[in-house]
Amino acid sequence: MSVLAKSFSAIGLFVGILFFAASLTPSLMPRSYLVQGALSGFCAALGYGVGVAAVWLWRYLEIPVPRARIQKAANWIAVIVCIGTAGVFLWKAAEWQNTVRSLMGLGPVESVEPFELAAIAFGVFLVVVLFARLFRQTFRLFSHWLNRLVPRRVSKVIGGVLAVVLFWSVAQGVLFRVVLRVVDTSFRELDARIDDGSARPSDPAKPGGPGSVLDWQDLGRQGRAFIASGPTGTQIGDFFHANALNPVRVYVGLNSAETVDERARLALEELKRDGGFERSALIVIVPTGTGWVDPEGIDTVEYLHHGDIASVAMQYSYLSSWLSLLVEPGYGAEAGQALFREVYRYWVTLPRDSRPKLYLYGLSLGAMNSELSAHLYDIIGDPFQGALWSGPPFQSRIWNTVSTDRNPGSPAWLPRFRDGSIIRFTNQNNALDIPGAVWGPLRIVYLQYASDPVTFFDFHALYREPEWMKSPRGPDVSPSLRWIPGVTMLQLLFDMAIATTSPMGYGHVYAPEHYIDGWLAVTDPQGIRPEDISRLKTFFGERSRSDVNPPPGD
């Protein structure tokens, strides 16, 4: 221990081990030993930093240090306690993970692979600590240089500020913005060259087909998948034993035009050409960060309306939503606003009794940017009819306001807002039929799961317990989850990165039957019988379970 203490702070290591142990407690998502090892390494490094800071504060306040004999005895006691705690927590880790897995219908795990987990954690811990020491050396260099010009304490303050600015600028300007934009551009060019096997449509009514204003290759992989997939009028008609139309789908890829406004105008022209404004319902979609449109969200509403519906989407990125959300949360808002503006301006010129009802839809980052696409003062004179936003990210503006101002007594994971005439929330258990509540002319539904870390991540969890953790908890949140300062925030951060690895109907993977409930409330389709709804949920549930090669998500 004496050799180790020469390189590392003994107190820091003790606190780091305790943070390592705390990281093994459950959070929202089930974790593999790889993810758990990385998480535990970061938590151990955080704990080490807390311990080092505590030692520095102790010495700065000039509090007497215990005698060497007492200090040595205390160190050995701390070693025994910390290692014993870590051992107990490693032993309990599988049980804790199974409390999460059982709620999501997953089989139990026998072990968290403690040796592999510990090895990964140790490697991550060393990397983080070395990075912190690099920062400390940078700070010392700045302070030493400034000490020639200003008093020592002033040089330390300015040196610390300069080190923070330098490291933040590198991380923000180079690692985040520059690298991510280069990656985004590279994937954009690569996507245009990938032949995914989908043939150019021969139907003139399809985007990319004969007479279309859009080139098939320029739609990108996600756009081609969106246009080529989806139910046909024949399939919908066979299900309901009635006549049905082919749904209209329009998608504009990043390569379709140079600017966002040009792409939005192309979307409008293609929508008009394909007869989108001749349908009874029109949905303006903001895709996820990758440009993906969840088929469970759109296929379901196309069935509910017997194909008498059109939808239009426009790509704005190739980055995963959670990544864009962390480093550039406003990503995509400009695209959402441009698309809605073009569609809405044309829509308001049509006769009210013959134009389609207008709706908004978005999942994940698409939900947040869809919120931003329509400004109240622009549409209040002639509003759209509703919106379904699923898995809204924690930084979503309207979602945050409504959740914060929810009615007293309603939980944070399933709020009730005022009289429920405009905005309602739902989850796995349909909560949209509120006794005494009557829908107004504008209907907005948030579909969210209590186990979705993209929605319920909270930076404030660093120092306070999130509201959604308080009793009563959501049906898919482990009762063993406990708030631990610092550790819980890191757990949620890692949960957000793996949010789409959960089974369908949990985490950030939204199930078709829950979409059906949401679309029924928002669009109020006519002629749908209760038995049809039940059959439709069964049909989509079986389809999603049998899809061994699901489309790429976010």
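These are my notebook entries on one predicted model, written as I went through it.

**Entry 1: overall build**

I started with the whole chain. I counted 19 helices and 7 strands. Next I looked up the extent: along the principal axes, the C-alpha atoms fill a box of roughly 90 × 55 × 45 Å. I then checked the radius of gyration, which is 27 Å; a compact globule of 554 residues would come out near 24 Å, so the two agree. For burial, I noted that 51% of the 554 residues count as buried.

**Entry 2: a charged patch**

Which residues gather in a patch of positive charge on the surface? I found R136, R140, R152, R153 and K156 there. Two helices, α5 (114–146) and α6 (152–193), each give two or more residues to this positive patch. The largest share is from α6, with 3 residues. R153 sits in helix α6, and its relative accessibility is 54%, so I wrote it down as exposed, the cut-off being over 50%.

**Entry 3: helix α7 and what follows**

Helix α7 covers residues 220–228, and I listed its buried residues as G220, Q222, G223, R224, F226 and I227. An arginine, R224, is on that buried list, so I checked the cut-off: buried means under 20% relative accessible area. Just after α7 I came to G230, which has a positive phi of about 90°.

- H241 is not a glycine, yet its phi is positive, at about 55°. I found H241 in the loop between α8 (233–240) and β1 (248–252). Is H241 buried or exposed? Its relative accessible area is 71%, so H241 is exposed.
- R418, also a residue other than glycine, has a positive phi near 50°. R418 lies in the loop between α15 (397–404) and β6 (423–426). With 62% relative accessibility, R418 counts as exposed.
- The peptide bond from S471 to P472 is cis, and I read its omega as near -5°. Where is P472? I traced P472 to the loop between α16 (453–456) and α17 (487–497).

**Entry 4: a buried asparagine**

My last stop was N369, in helix α13 (residues 365–373). Its relative accessibility is 0%, so N369 counts as buried. How many residues separate N369 from V15 in sequence? The answer is 354, and in space the two are 41 Å apart, C-alpha to C-alpha.

Note on methods
Residues are numbered from 1 along each chain as its sequence is written. This is a predicted model: local features need pLDDT of at least 70, side-chain atom pairs count only at pLDDT 80 or more; totals for chains, interfaces and linings use all residues. Side-chain values use heavy atoms; hydrogens and water are left out. Patches are made of residues with over 30% relative accessible area and no salt bridge: like charges are joined within 9 Å, nonpolar side chains (Val, Leu, Ile, Met, Phe, Trp, Tyr) within 5 Å. Accessible areas come from the Shrake-Rupley method with a 1.4 Å probe; for residues, only the protein chains shown count as cover. A salt bridge is a side-chain nitrogen of Lys or Arg within 4 Å of a carboxyl oxygen of Asp or Glu. Lys and Arg count as positive and Asp and Glu as negative; His and the chain ends are not counted. The place of a charge is taken as NZ of Lys, CZ of Arg, CG of Asp or CD of Glu. Helices (H or I, at least four residues) and strands (E, at least two) are DSSP runs, numbered from the N terminus. Buried means under 20% relative accessible area, exposed over 50%, partly exposed in between (1.4 Å probe, protein chains only). The radius of gyration is taken over C-alpha atoms; the globule rule is 2.2 Å times the number of residues to the power 0.38.
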